[in-house]
Protein chains: 2
Amino acid sequence: MSELYAARRTRLRGRVAGAGSAGALISRPANVRYLTGCAPPGAALLLGPAEDLLLCGSPLSGDPSEGRPAEDVRVAVLPTRGGDPVVAGADLAAKAGAELLAVEEHHLTVTRHRALSQVAPRLQLTDLACAVEAQRLVKDDDEIACLRIAAEIADQALGELLESILVGRTERHLALELERRLVDHGADGPAFPTSVATGPNAGRPGHLPTDRRVEEGDFLSVGLGANYRGYRCEIGRTFVIGTTPSDWQIELYDLVFAAQRAGREALAPGVECREVDRVARHVLDSAGYGERLGPWTGHGVGLEIDEDPQLSPAAMGKLDACVPVTVEPGVHIPGRGGVRIDDTLVVRPEADGGPELLTITTKELLAL
Amino acid sequence: MSELYAARRTRLRGRVAGAGSAGALISRPANVRYLTGCAPPGAALLLGPAEDLLLCGSPLSGDPSEGRPAEDVRVAVLPTRGGDPVVAGADLAAKAGAELLAVEEHHLTVTRHRALSQVAPRLQLTDLACAVEAQRLVKDDDEIACLRIAAEIADQALGELLESILVGRTERHLALELERRLVDHGADGPAFPTSVATGPNAGRPGHLPTDRRVEEGDFLSVGLGANYRGYRCEIGRTFVIGTTPSDWQIELYDLVFAAQRAGREALAPGVECREVDRVARHVLDSAGYGERLGPWTGHGVGLEIDEDPQLSPAAMGKLDACVPVTVEPGVHIPGRGGVRIDDTLVVRPEADGGPELLTITTKELLAL
């Protein structure tokens with residue numbers, strides 16, 4: 001595993017040197033973890049100019065959720081009250097004779113950036129921009145293996161919930177039970193706050209659980225994901241509570257299902273991101289729900305639950321093979337409820353069988 | 001309640017005007033919530049120059065965890081794909097003729113700050129610095145009432161756990177059970193990730209739960225808190241598993257207890273923050289544990305779990321009445337475990353009975 005992280009740093013170093021900087025200071029936690037294997041709170045990675053150094057504000061905790069540094073990563077723990085690892089990194093770079101240092105301006109606050117300039121006034125700070133995020137876009141086999149396990153865990157947790165009695169239980173309890181089951185099956189934790197939405201709440205994107213209880217005739221929509229070794233997946237399903245769904249429920253479900261399938265089927269290397277969004281959105285738009293749709297119908301996943309690419313009308317760029325994305329259109333009708341269907345898939349060429357579905361829980365409309 | 005938020009904004013407006021700005025743009029979520037009653041993800045508050053406006057990237061969700069805007073707060077939801085509420089706020093301020101706008105440079109990233117300058121090139125951006133955080137330091141009666149309820153909820157959750165069988169259960173399960181109980185008793189959620197640490201993990205600050213199971217003879221240290229209407233408290237206790245604590249456990253417990261009591265008893269209006277830290281630290285230092293101590297022994301709580309003041313050797317400033325703080329010294333001995341005792345208290349003058357202890361679970365060394 002150590003070589004993997006070293007190779008990632010080498011690739012980044014090439015990019016940084018190409019832009020004329022002797023070194024880079026990485027502060028965004030997911031980027032630090034991608035390059036070193038771990039991300040203690042507040043840590044920063046100084047990439048060159050002399051050698052790579054992971055600067056930490058406190059000793060490594062050993063918590064699995066924090067990851068573990070690759071064997072070849074040198075870790076420096078600042079002395080107690082030694083200040084901000086990012087500032088210490090700039091100071092070290094200046095002392096090592098660097099003149100230009102690339103920093104993550106999209107992560108550093110104005111105040112922190114100013115502190116870097118003050119500690120190392122002769123060091124010129126440039127913007128690394130989203131170079132590490134760009135490198136993270138296409139996943140390697142190890143990363144996809146983690147996502148596959150994360151998806152299996154989420155499928156298991158959801159499957160077990162469906163076997164239990166739901167009527168009368170609150171959204172909050174169902175969400176906590178799902179999170180407990182994720183951990184039971186080996187997750188480091190939930191990938192994001194679990195969403196359980198019943199009745200009029202169903203289908204609302206990112207709905208946080210309330211004390212509303214599940215009732216007969218409700219739509220129930222659930223969104224959850226596991227964090228496995230830092231990698232986060234997402235699954236969303238909508239069910240009907242009771243024996244028979246009503247006509248409007250069946251119609252709405254079929255419509256969202258058709259939109260989600262259209263999005264899934266559009267996934268292929270070389271396809272424009274906005275094209276995937278367009279085909280999913282078009283199905284809902286034609287049925288008159290265009291105004292109710294959110295700004296995107298899917299997004300990348302990995303070390304963060306919401307990363308590039310975005311599947312939205314304004315998205316630039318094309319899909320690549322080995323890019324994991326969600327496809328998650330939904331419709332929410334205020335006062336009535338709605339439907340949301342969400343899968344995590346890996347983009348694959350048709351020769352390899354097309355998109356690989358990681359979240360395999362059925363998408364039939366189940367009446368529970 | 002509406003007047004309360006209006007009064008907070010009026011006070012801030014006075015401060016902003018005193019510094020020469022016509023308006024301010026508040027983006028840090030806890031600050032937005034403090035001034036408006038709610039903080040939807042990514043929202044920003046434009047304070048003046050014309051009128052106050054809460055800018056949101058998407059419709060309010062109604063989720064209790066997000067809060068509810070005070071009745072007199074005008075809410076503007078940006079159209080789908082309308083961009084960043086902070087950027088929209090700067091644009092509006094410029095169009096309303098503002099020349100100077102104060103922004104939170106400790107919250108805005110360099111990249112976002114640049115986007116503000118680009119959308120409103122003639123608007124001069126100044127630093128609001130931590131003006132809102134400073135205003136949040138001393139709590140009013142409503143805020144303390146929320147903290148009191150949050151502490152009651154945490155006490156209840158912890159009390160119930162102590163009545164259950166602990167041996168053989170994993171840190172993760174105990175943490176999840178505590179979080180479920182917090183919600184059962186009315187919390188909007190945990191105030192921070194619940195910490196359950198057994199055996200050699202016990203006493204580690206901020207330890208995240210692992211799969212280690214509780215064993216006879218273990219120290220068990222637990223840190224939890226409830227989030228009630230946005231207000232967050234903290235309680236930490238250490239127990240011994242089994243019938244009789246061993247001598248080293250009793251000695252270490254008594255020592256940390258003495259340090260924590262010294263810190264609690266030092267809390268009074270007008271006392272230097274570092275003096276509270278010093279008295280608690282001194283007890284542990286004299287016993288030879290000085291090197292093992294963290295950078296602080298307590299901190300303020302409120303809308304964030306870790307806010308000013310900090311109780312640390314380098315802390316500047318004095319305590320005021322109605323400032324809630326934690327007092328939480330601890331010792332961790334690698335390979336053996338340790339003790340952590342943590343209370344949330346409100347600083348009160350002696351005439352009012354001295355510090356008000358919010359977290360009332362016993363601090364005797366219980367053998368469970």
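## A short tour of chains A and B

Strands here are DSSP E runs of at least two residues, and helices are H or I runs of at least four, numbered from the N terminus.

A word on what you have open: this is a predicted model, where local features need pLDDT of at least 70 and side-chain atom pairs count only at pLDDT 80 or more, while totals for chains, interfaces and linings use all residues. Residues are numbered from 1 along each chain as its sequence is written, chains are lettered from A in the order in which they are written, and side-chain values use heavy atoms, leaving out hydrogens and water.

Next, pick helix α7 (residues 171-184) of chain B. Of its 14 residues, 11 are buried, among them B:Leu174, B:Leu178 and B:Arg181. Just after this helix, B:Gly186 takes a positive phi of about 110°.

Now show B:Arg181 with B:Glu160: they form a salt bridge, with the closest N and O atoms 2.7 Å apart (the term needs a side-chain nitrogen of Lys or Arg within 4 Å of a carboxyl oxygen of Asp or Glu). B:Arg181 lies in α7 and B:Glu160 in α6 of chain B, so the pair ties together parts 21 residues apart in sequence.

Last stop: A:Arg114 and B:Glu105, whose closest N and O atoms are 2.1 Å apart in another salt bridge. A:Arg114 sits in helix α4 of chain A and B:Glu105 in a loop of chain B, so this pair joins two chains.

Technical notes:
Buried means under 20% relative accessible area, exposed over 50%, partly exposed in between (1.4 Å probe, protein chains only).
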